[in-house]
Amino acid sequence: MYDNFKEHLVKEIQSIKDAGLYKEERIIVSPQGAEITLESGQKVLNFCANNYLGLSNHPELIKAAKEGMDTHGYGMSSVRFICGTTDLHKKLERKIADFFGTEDTILYAAAFDANGGVFEPLLTEEDAIISDELNHASIIDGVRLCKAQRFRYKSADMEDLEKQLIAAKDARFKVIVSDGVFSMDGHVPDVKKMVELGNKYGAMVMIDESHSAGVVGETGRGVTELFDIRGQVEMITGTLGKSFGGAIGGFTTGKKEIIEMLRQRSRPYLFSNSLPPMVVNAGIRMFEMMDETNELQDKLHANTDYFIGKMKEAGFDIKPTQSAICAVMLYDAKLSQDMAARLLDEGIYVIGFYYPVVPKGKARIRVQLSAAHEKEHLDKAISAFNKVGKELGVIK
Ligand SMILES: *Cc1c(COP(=O)(O)O)cnc(C)c1O
């Protein structure tokens with residue numbers, strides 16, 4: 001039975017390889033951090049993790065994870081509504097709401113599930129979702145699972161958003177949905193304007209803060225802090241898998257009736273296991289740390305400013321960013337791959353992206369800064385970029 005299907009898969013995989021789109025996985029044999037060890041034994045500086053606050057291997061979180069296991073065990077063996085809710089889960093949900101200035105929170109196994117399970121329980125064919133064209137795959141899938149009418153606007157283009165809101169005017173309920181930070185460029189859409197347009201045309205706003213939480217805003221409270229509109233966005237989704245410790249877990253936080261309805265009807269919540277106590281307890285400790293000090297955010301912002309300043313000085317073409325993502329524009333796909341490979345030789349781990357991950361002719365290297373980076377790490381990366389950039393004729 002399998003022979004024909006196997007042949008089909010082998011052909012498909014070959015076509016992925018022929019197109020140069022086959023993804024290899026680099027094996028790391030150390031914890032995640034500023035410096036990591038590859039399987040080859042090579043130690044490299046890591047500039048491609050979503051470890052923005054440097055918490056992925058933080059001793060406080062490891063300690064809290066162990067304590068969570070000691071007091072509440074290893075796994076929950078249940079969905080939330082049967083016997084998978086502990087006092088820790090409720091406490092973490094409260095902490096997340098306090099962090100974002102929202103009313104209530106619902107946890108998921110991942111942000112992918114939070115986005116996958118947010119639209120279908122809330123909206124029907126009478127309603128409309130107005131979605132940024134560059135939104136994350138999980139938002140796109142969530143929208144597909146829902147019967148609401150779909151409208152797409154040009155990325156972060158508030159004029160086009162307004163046109164789409166006008167086109168959607170007959171819908172009963174409307175939701176504008178956008179990433180808080182677009183991960184390939186690092187820019188933040190004008191969420192203040194989005195809320196204004198929402199008020200004008202009777203639409204709610206949902207922001208996916210996966211790349212912005214912990215990073216954007218003076219204290220990392222995300223885009224609603226940046227635009228001084230805390231509490232004015234109806235729904236926020238996010239991940240515990242990036243800034244917030246990097247382990248696993250997602251959430252939706254926002255208006256309490258919305259969260260209440262999601263607990264009743266959201267399928268990835270109802271039909272998937274509860275987060276393990278170690279992750280939840282580490283999450284609680286993480287949000288306590290965010291309240292105790294702004295050190296990590298301050299360091300991340302200083303690191304980002306320093307790195308980008310030096311890269312611009314060196315003559316690199318850097319996309320305007322309001323996050324810890326720094327896109328070094330190269331425009332040429334092959335160059336992006338050659339440059340990333342040469343940088344790895346120099347001990348700097350970054351990824352080159354090209355079509356279809358980014359638009360045709362917009363190839364780049366994406367650098368992600370972290371509070372885990374020390375000045376000497378940044379300087380080493382900057383000098384490697386200078387050396388390789390000159391070698392490959394990217395800068396003079
Ligand atoms: C990473 C990411 C997700 C997925 O997060 P997980 O918790 O890993 O599932 C969702 N949305 C956006 C915008 C992301 O960047």
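1. Thr224 counts as buried at 2% relative accessibility, where buried means under 20% relative accessible area, exposed over 50%, and partly exposed in between (1.4 Å probe, protein chains only). The residue is found in helix H9 (residues 223-226); helices (H or I, at least four residues) and strands (E, at least two) are DSSP runs, numbered from the N terminus. Leaving aside residues up to four places away in sequence, Thr224 touches Phe100, Glu209, Ile229, Arg230, Val233 and Ile236, contact being heavy atoms within 4.5 Å.

2. On provenance, this is a predicted model, in which local features need pLDDT of at least 70 and side-chain atom pairs count only at pLDDT 80 or more, while totals for chains, interfaces and linings use all residues. Residues are numbered from 1 along each chain as its sequence is written, and side-chain values use heavy atoms, with hydrogens and water left out.

3. The ligand is surrounded by 13 residues, and the closest are Ala111, Asp208, His211, Thr239 and Lys242; a residue is near a molecule or strand if one of its heavy atoms lies within 4 Å of it. By class, this shell has three nonpolar, seven polar and three charged residues. For that count, Ala, Val, Leu, Ile, Met, Phe, Trp, Tyr, Cys and Pro are nonpolar, Asp, Glu, Lys and Arg are charged, and the others, Gly among them, are polar. Helix H5 (residues 111-116) gives the most to the shell, with three residues.

4. A nitrogen atom of the ligand is 2.6 Å from an N or O atom in the side chain of Asp208. A polar side-chain atom of Ser210 lies 3.4 Å from a ligand nitrogen, and a polar backbone atom of Phe112 is 2.9 Å from a ligand oxygen. A polar contact is a pair of N or O atoms within 3.5 Å; within protein, one must be able to donate a hydrogen and the other to accept it, and residues adjacent in sequence count only if both atoms are side-chain atoms. Of the 380 Å² of accessible area that the ligand has on its own, the protein covers 82%. Accessible areas come from the Shrake-Rupley method with a 1.4 Å probe; for residues, only the protein chains shown count as cover.

5. Which residues of helix H7 (residues 158-167) are buried? They are Met158, Asp160, Leu161, Gln164 and Leu165. Seen down the axis of H7, these buried residues fall within an arc of 155°, so they line one face of the helix; the arc is that of the directions from the helix axis to the C-beta atoms. The face turned away from the buried side carries the exposed residues Glu159 and Lys163. An α-helix has 3.6 residues a turn, so residues three or four places apart point the same way.

6. The buried residues of H7 pack against strand E4 (128-132), strand E5 (149-153), strand E6 (174-179), helix H8 (191-201) and strand E7 (203-208). Asp157 caps the N-terminal end of H7, with a side-chain oxygen 3.0 Å from the backbone nitrogen of Glu159.

7. Some backbone angles deserve attention. Most residues other than glycine have a negative phi, and most peptide bonds are trans. A cis peptide bond joins Tyr355 and Pro356, with omega about 10°; Pro356 lies in the loop between strand E12 (351-353) and strand E13 (363-368). Phi of Ser77 is positive, near 50°. Ser77 is in the loop between helix H2 (59-72) and helix H3 (80-83) and counts as exposed at 71% relative accessibility. Tyr331 also has a positive phi, of about 70°; Tyr331 is found in strand E10 (residues 325-331) and counts as partly exposed at 40% relative accessibility.

8. Ser183 sits in the loop between E6 and H8 and is partly exposed at 22% relative accessibility. Not counting residues up to four places away in sequence, Ser183 touches His211, Ile325 and Arg366. Ser183 and His136 are 47 residues apart in sequence, yet 8.8 Å apart in space, C-alpha to C-alpha.

9. Arg285 lies in helix H12 (residues 277-292) and counts as buried at 17% relative accessibility. The side chain of Arg285 makes a polar contact of 3.1 Å with the side chain of Glu292. With residues up to four places away in sequence not counted, Arg285 touches Glu60, Leu61, Ala64 and Glu292.
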